[in-house]
There are 2 protein chains.
Amino acid sequence: MDAIKLRPIGVLHTPFAVREGIPRQAAAARQISATIEIFPEYTAGLADLEGFSHIVILFYMHLIETENLIAHPPWDGKPHGVFSTCSPFRPNHIGVSVVELAKIEGTRLSIRGVDMADGSPVLDIKPYFPDLYPREEIKTGWMTGKISGMTDSKTGER
Amino acid sequence: MDAIKLRPIGVLHTPFAVREGIPRQAAAARQISATIEIFPEYTAGLADLEGFSHIVILFYMHLIETENLIAHPPWDGKPHGVFSTCSPFRPNHIGVSVVELAKIEGTRLSIRGVDMADGSPVLDIKPYFPDLYPREEIKTGWMTGKISGMTDSKTGER
């Protein structure tokens, strides 16, 4: 199957210039603020977004240079298949984060709850609409009961 | 900023060979089954995924040939900026769906709740872990109170 080419629609400005120290999850970084700069040619697509308190950001984890199909979450101590983890060392390096949308000024979106590296290309923004997520019972496999390990550690910690 | 190149990790086999008639949301298609075929070189990444009842699929909406920064949801009747909608006619054509994981057999994942076209390249699979989603009050802007329009209609309807 051929490669798929994407064009960034914007770029993230965050406090995290290097990979080490980035919160592992947006859920663990509620108070950390950042800015999304949308490129001018995409400004029209922002109309009506200011009514949403939260948005879904798809971004490219540009600092990631390796891939590993087996992830080793340091807070768990056991290896897991990468598709059953949130490891950034995954094929295609796409991150998905739900963040709080604090303000929109022109092409700049102020957000809170940031687990992305500074300079990450933004691929898409979608509204966060919780009614569309599953309501039935959810089973979370090996992650069950492990949220504190996930949210209390940062990248680069071993 | 340079283009980003992605490699599909698999392909979707769904009942929807054409764009018209695809449910607008996975939430509206709970009973529709499909298969994800993961390419053999990525099989190792599936380890430990079978314990999860739901997964997040990132896929490429390969049937979409146009982009429009202004979306016109037919069930709403008003134009909206594309980033405040779920319109598939968005830059980069990446879809994100949370679906039920029914079974894994080798490289084939049986899923339920499918709003994707047959043949869509799969870019990533992540575990669905609801504890990581926002718990605070959520504001949903122009979509507020409109979920039935969103989930009851299908693509191609006007």
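Trainee: How many disulfides does the structure hold over all chains?

Mentor: Bear in mind that this is a predicted model. A disulfide would need a pair of cysteine sulfur atoms within 2.5 Å. A:Cys86 is partly exposed at a relative accessible area of 37%, and B:Cys86 is likewise partly exposed at 36%. Over all chains, the number of disulfides is zero.

Trainee: Which residue of chain B meets A:Asp124 in a salt bridge?

Mentor: The pair crosses between chains, running from strand 9 (residues 121-127) of chain A to the loop between strand 6 (80-81) and strand 7 (94-105) of chain B. A:Asp124 is buried, because its relative accessible area of 0% falls under the 20% limit. The partner is also buried, at 0%, and the N to O distance is 2.7 Å, the residue being B:Arg90.

Trainee: Is B:Arg135 buried or exposed?

Mentor: B:Arg135 forms a salt bridge with B:Asp131, with the closest N and O atoms 3.1 Å apart, and B:Asp131 is partly exposed at 38%. For B:Arg135 the relative accessibility is 61%, and a value over 50% is the cut-off that applies, so B:Arg135 counts as exposed.

Trainee: Which residues form a positive surface patch?

Mentor: One member, A:Arg7, lies in the loop between strand 1 (4-6) and strand 2 (10-13) of chain A, where it counts as partly exposed at 47% relative accessibility. The patch draws on both chains, and its residues are A:Lys5, A:Arg7, B:Lys5 and B:Arg7.

Technical notes:
Residues are numbered from 1 along each chain as its sequence is written. Chains are lettered from A and ligands numbered from 1 in the order in which they are written. This is a predicted model: local features need pLDDT of at least 70, side-chain atom pairs count only at pLDDT 80 or more; totals for chains, interfaces and linings use all residues. Side-chain values use heavy atoms; hydrogens and water are left out. Buried means under 20% relative accessible area, exposed over 50%, partly exposed in between (1.4 Å probe, protein chains only). Patches are made of residues with over 30% relative accessible area and no salt bridge: like charges are joined within 9 Å, nonpolar side chains (Val, Leu, Ile, Met, Phe, Trp, Tyr) within 5 Å. Accessible areas come from the Shrake-Rupley method with a 1.4 Å probe; for residues, only the protein chains shown count as cover. A salt bridge is a side-chain nitrogen of Lys or Arg within 4 Å of a carboxyl oxygen of Asp or Glu. Lys and Arg count as positive and Asp and Glu as negative; His and the chain ends are not counted. The place of a charge is taken as NZ of Lys, CZ of Arg, CG of Asp or CD of Glu. Helices (H or I, at least four residues) and strands (E, at least two) are DSSP runs, numbered from the N terminus.
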